[in-house]
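Here are a few notes to go with the model, written as numbered points. I hope they are handy as you page through it.

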Amino acid sequence: MADVSRHRSDITRHPDVTEMRERYARMLGARDVVFVDGPVLLAGLYFAISPWVVHFSGARPDLTVNNLILGICVALLGIGLTTAPRRMYSLCWAMSAIGVWMIISPWVVTRFPDAGIIWNNVVVGAVTCVLGLVAAGVLMRTGREA
């Protein structure tokens with residue numbers, strides 16, 4: 001068996017050590033929104049299935065389609081925050097706008113919504129709006145520091 005312990009060297013002698021350290025620092029700096037992307041994804045997935053959870057999918061097909069599409073969009077924004085947080089900066093503001101639409105959509109999309117529908121959309125919309133504002137704030141703060 002080969003003895004590889006003799007051939008170990010210190011990384012500080014590597015010719016690209018400064019470039020590797022800078023790249024590692026950039027990679028870690030882009031992960032400041034790591035605490036936001038998971039809840040955004042979960043909020044989007046829940047909002048997409050909420051018509052079946054709250055049991056209004058058959059009675060309110062227009063609101064069912066609205067919640068399904070918006071939930072998928074928010075979940076995709078959560079995935080985007082995971083994969084490319086710096087590029088998703090402008091879409092964080094859109095996520096906040098989607099959250100506001102989630103709040104008002106029971107009254108705009110359908111007539112005479114039930115209390116369960118209202119509570120569902122208001123709570124998930126408020127969470128989505130706040131998460132969008134938090135993600136935008138974190139990304140703005142890290143953008144100024146870089």
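**Notes on the predicted model**

1. Of the 146 residues in the protein chain, 36% count as buried. Please keep in mind as you read on that this is a predicted model. The secondary structure amounts to five helices and zero strands, so the order from the N terminus is simply α-α-α-α-α. Among contacts between residues at least 6 apart in sequence, 69% join residues at least 24 apart.

2. A word on the annotation. The UniProt entry, which is unreviewed, lists residues 33–53, 65–84, 91–110 and 116–140 under "transmembrane region". Two of these spans can be set beside the model. Residues 65–84 are 95% helix and 0% strand, with 28 Å between the end C-alpha atoms. Residues 116–140 are 100% helix and 0% strand, and here the end C-alpha atoms are 36 Å apart.

3. Next, a helix pair. Two packed helices are described by the angle between their axes and the distance between the axes. For α3 (residues 61–83) and α4 (residues 89–109), the axes come within 11 Å and cross at roughly 165°. Angles over 145 degrees count as roughly antiparallel, and α3 and α4 are therefore roughly antiparallel to each other. Their crossing is left-handed. On the α3 side the contact is made by Asp62, Leu63, Asn66, Leu70, Val74, Leu77 and Leu81; the α4 side brings Leu91, Cys92, Met95, Ile98, Trp101, Met102, Ser105, Pro106 and Val109. By class, this contact has 13 nonpolar, two polar and one charged residues.

4. Asn66 deserves a look of its own. This residue is in helix α3 and takes part in the contact with α4. Its relative accessible area is 14%, and because the limit for buried is under 20%, Asn66 counts as buried. Leaving aside residues up to four places away in sequence, Asn66 touches Trp101, Ser105 and Val109. The C-alpha atoms of Asn66 and Ser105 are separated by 8.2 Å, although the two residues are 39 apart along the chain.

5. Another asparagine to inspect is Asn120, in helix α5 (residues 115–145). Is Asn120 buried or exposed? With a relative accessibility of 6%, Asn120 is buried. Beyond residues up to four places away in sequence, Asn120 touches Tyr46, Phe47, Ser50, Val54, Phe56 and Asn67.

6. Arg60 sits in the loop between α2 (34–53) and α3. Its relative accessibility is 15%, so Arg60 also counts as buried. Which residues does Arg60 touch, not counting those up to four places away in sequence? They are Thr110, Arg111, Phe112, Pro113, Asp114 and Ile117.

7. Finally, two backbone angles to check. Most residues other than glycine have a negative phi. His55, which is not a glycine, has a positive phi of about 65°. His55 is placed in the loop between α2 and α3, and with a relative accessible area of 68% it is exposed. Phe112 also has a positive phi, near 50°, and is likewise a residue other than glycine. Phe112 lies in the loop between α4 and α5 and is exposed, at 66% relative accessible area. Phe112 is also one of the residues touched by Arg60.

Conventions:
Residues are numbered from 1 along each chain as its sequence is written. This is a predicted model: local features need pLDDT of at least 70, side-chain atom pairs count only at pLDDT 80 or more; totals for chains, interfaces and linings use all residues. Side-chain values use heavy atoms; hydrogens and water are left out. UniProt positions are given in the numbering used here, feature names are shortened, and annotations may be inferred rather than shown by experiment. Helices (H or I, at least four residues) and strands (E, at least two) are DSSP runs, numbered from the N terminus. Axes are lines fitted to C-alpha atoms, for helices over the stretch in contact, and angles run from 0 to 180 degrees between N-to-C directions. Angles under 35 degrees count as roughly parallel, over 145 as roughly antiparallel, 65 to 115 as roughly perpendicular and the rest as oblique. A crossing is left-handed if the near helix is turned anticlockwise from the far one by less than a right angle, and right-handed if clockwise. Contact means heavy atoms within 4.5 Å. Ala, Val, Leu, Ile, Met, Phe, Trp, Tyr, Cys and Pro count as nonpolar, Asp, Glu, Lys and Arg as charged, and the others, Gly among them, as polar. Buried means under 20% relative accessible area, exposed over 50%, partly exposed in between (1.4 Å probe, protein chains only).
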